[in-house]
Amino acid sequence: MSDKLRVGILGATGMVGQRFITLLDNHPWFEITTLAASASSAGKTYEESVGGRWKMTVPMPEAVKKIVVKDVSNVAEVAAEVDFLFSAVNMTKEEIKKIEEEYAKTETPVVSNNSAHRWTPDVPMVIPEINPQHFEVIESQKKRLGTTRGFIAVKPNCSIQSYTPALAAWMEFEPTEVVVSTYQAISGAGKTFKDWPEMEGNIIPYIGGEEEKSEQEPLRVFGHIENGEIVKLQSDLRITSQCIRVPVLNGHTATVFLNFKKDPTKEELIEKLRAFSGKPQELGLPHAPKNFIQYLEDDNRPQVALDVDYEGGMGVSIGRLRKDSIFDWKFVGLSHNTLRGAAGGAVECAEMLKALGYITKK
């Protein structure tokens, strides 16, 4: 019997589910044993259920092709076959909250890519390099759920990954006002250009719910645990944003203007970016980037075409840091939205949870 942890994927046939499958292929710690999706996919092999909808640039791994897809609503049946689960289900927010809690109550940890539980007070929302200490709130959540090993953990919105790491690196300089515009890839909507040809040569100046997430989720990431709940950051930091869909397949770019209470030099700011590291690097997690943030000196970087796959898509690229005529500083950030921002970030969270002893064999 394999020493690897048995993992299942809820919502396995969608774009994020497919990305989970490619990331977990030959993973040193985890082995896919169960795939679940909607009732229309249940009973078919994974290869049959996806058909021509495989959206990854790499081939479908042989190991999953013949796995028979289960109905995601058959909670007990799915949970019985796994040590933990990744969730990427496509349901309403209330349905997602309900089914993820049902799985957790079977004593099955759930690491979710969904937004439904991001503001549940005792559910940790973690970027592992920035706030792994928030996983400690799991003990309070387990008391609420009545579980001994089952819980839910989530990762934040994909768009905040392109600028929140820079803010984390600069917290000692006390950032205050932040104005950010994100230019978001179509894969963030689960699409390719084949699915969405009208996006070619087009920009859409609205993405439902994204601006609220971009403004509020960093404050929760920077928050602290109090009385068994995550309390968002109480400081002068305020963020306002615009979120725009652009004709790019992968990669969310952010343009950021910000003020600090303190007066750092450009050299100090760049040094803090390049030196920023966290628990994943210390632990050597399989999907942790060796260097979390790179600073690029060229005026025409970061670029999606050149930099989106930095550190296998798990690193963050920052460039064009310069003084501003109204704010103190401005810069451009870039992150891979389906790797660092979505499935990859969730896999790194699961790796951290295993390393910290929260996810174990049943």
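1. F173 is buried, and F260 is buried as well, where buried means under 20% relative accessible area, exposed over 50% and partly exposed in between, with a 1.4 Å probe and protein chains only. The ring centres of F173 and F260 are 6.2 Å apart and the planes stand at 80 degrees, so this pair is edge-to-face; rings of Phe, Tyr and Trp (its six-membered ring) pair if their centres lie within 6.5 Å, with planes under 30 degrees apart counted as stacked, over 60 as edge-to-face and the rest as tilted. F173 sits in the loop between α7 (164–169) and β7 (175–184), whereas F260 belongs to strand β11 (residues 252–260), 87 residues apart.

2. This is a predicted model, in which local features need pLDDT of at least 70 and side-chain atom pairs count only at pLDDT 80 or more, while totals for chains, interfaces and linings use all residues. Residues are numbered from 1 along each chain as its sequence is written, and side-chain values use heavy atoms, with hydrogens and water left out.

3. The rings of F257 and F327 have centres 6.1 Å apart and planes at 50 degrees, so they form a tilted pair. F257 is partly exposed because its relative accessibility is 29%.

4. Six strands make up an open sheet with parallel pairing, in the order β3-β2-β1-β4-β5-β6; strands are DSSP runs of E of at least two residues, helices runs of H or I of at least four, both numbered from the N terminus, and two strands pair if DSSP finds at least two bridges between them. The edge strands, each pairing on one side only, are β3 (70–71) and β6 (152–154). Strand β1 (residues 5–10) is joined to β4 (residues 84–87) by four bridges, and I9 stands opposite F86 in β4. F86 also belongs to a cluster in which ring pairs link it with F20, W29, F30 and F84.

5. Among the 23 salt bridges in the structure, each a side-chain nitrogen of Lys or Arg within 4 Å of a carboxyl oxygen of Asp or Glu, R238 pairs with E177 at 3.3 Å between the closest N and O atoms. R238 lies in strand β10 (residues 238–245) and E177 in strand β7, so the pair ties together parts 61 residues apart in sequence. R238 counts as exposed at 54% relative accessibility, and E177 as partly exposed at 27%.

6. R340 forms a salt bridge with E348, with the closest N and O atoms 3.1 Å apart. R340 is buried at a relative accessible area of 1%, and E348 is buried at 0%.
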